[in-house]
Amino acid sequence: MARLRAALLELSVTVSTHPFWSTLGPGTVVEGRMALKQTAPASACDVAAEPDDGALGSLAARAA
């Protein structure tokens with residue numbers, strides 16, 4: 001359980017501090033996070049096919 005909680009915390013920090021959030025205008029970060037939450041989970045094939053850089057941005061773009 002402790003290992004899973006540590007992994008969740010690490011991933012949460014990675015997502016919340018990703019440079020993508022600084023590209024959103026003032027007052028739109030919450031909207032962006034809500035849009036990201038509404039995206040369907042990507043399959044393993046989708047994740048493997050996408051480049052690592054900008055992956056968070058592509059997820060938000062899919063939600064729009």
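This is a predicted model: local features need pLDDT of at least 70, side-chain atom pairs count only at pLDDT 80 or more; totals for chains, interfaces and linings use all residues.

Q: What makes Phe20 buried or exposed?
A: Its relative accessibility is 15%. The cut-off for buried is under 20%. Phe20 therefore counts as buried.

Q: How do you know what kind of aromatic pair Phe20 and Trp21 form?
A: The structure holds one aromatic pair. In that pair, of Phe20 and Trp21, the ring centres are 5.1 Å apart. Rings pair if their centres lie within 6.5 Å. The planes of Phe20 and Trp21 stand at 70 degrees, and over 60 counts as edge-to-face. So the pair is edge-to-face.

Q: What places the charged end of Arg33 over the ring of Trp21?
A: The charged end of Arg33 is 5.1 Å from the ring centre of Trp21. The distance limit is within 6 Å, and the charge must also be within 35 degrees of the ring normal. Arg33 is listed as sitting over the ring.

Q: What does the side chain of Thr23 have a polar atom 2.5 Å from?
A: The backbone oxygen of Phe20. A polar contact requires a pair of N or O atoms within 3.5 Å. The 2.5 Å between Phe20 and Thr23 falls within that limit.

Q: How do you know whether the span of helix H1 agrees with its number of residues?
A: H1 covers residues 2–16, which is 15 residues. At 1.5 Å a residue, H1 should span 21 Å. Its end C-alpha atoms are 21 Å apart, so the two values agree.

Q: Why is H1 said to lie largely in the open?
A: The number of buried residues in H1 is zero, out of 15. So H1 lies largely in the open. Across the protein chain, 11% of the 64 residues count as buried.

Q: Where is confidence lowest, and where is it highest?
A: Helix H4 (residues 55–63) is lowest, at a mean of 52, and H1 is highest, at 93. The mean pLDDT of the protein chain is 76.

Terms used. Residues are numbered from 1 along each chain as its sequence is written. Side-chain values use heavy atoms; hydrogens and water are left out. Helices (H or I, at least four residues) and strands (E, at least two) are DSSP runs, numbered from the N terminus. The expected span of a helix is 1.5 Å times one less than its number of residues. Buried means under 20% relative accessible area, exposed over 50%, partly exposed in between (1.4 Å probe, protein chains only). pLDDT is the predictor's confidence in each residue, from 0 to 100. Rings of Phe, Tyr and Trp (its six-membered ring) pair if their centres lie within 6.5 Å; planes under 30 degrees apart count as stacked, over 60 as edge-to-face and the rest as tilted. A polar contact is a pair of N or O atoms within 3.5 Å; within protein, one must be able to donate a hydrogen and the other to accept it, and residues adjacent in sequence count only if both atoms are side-chain atoms.
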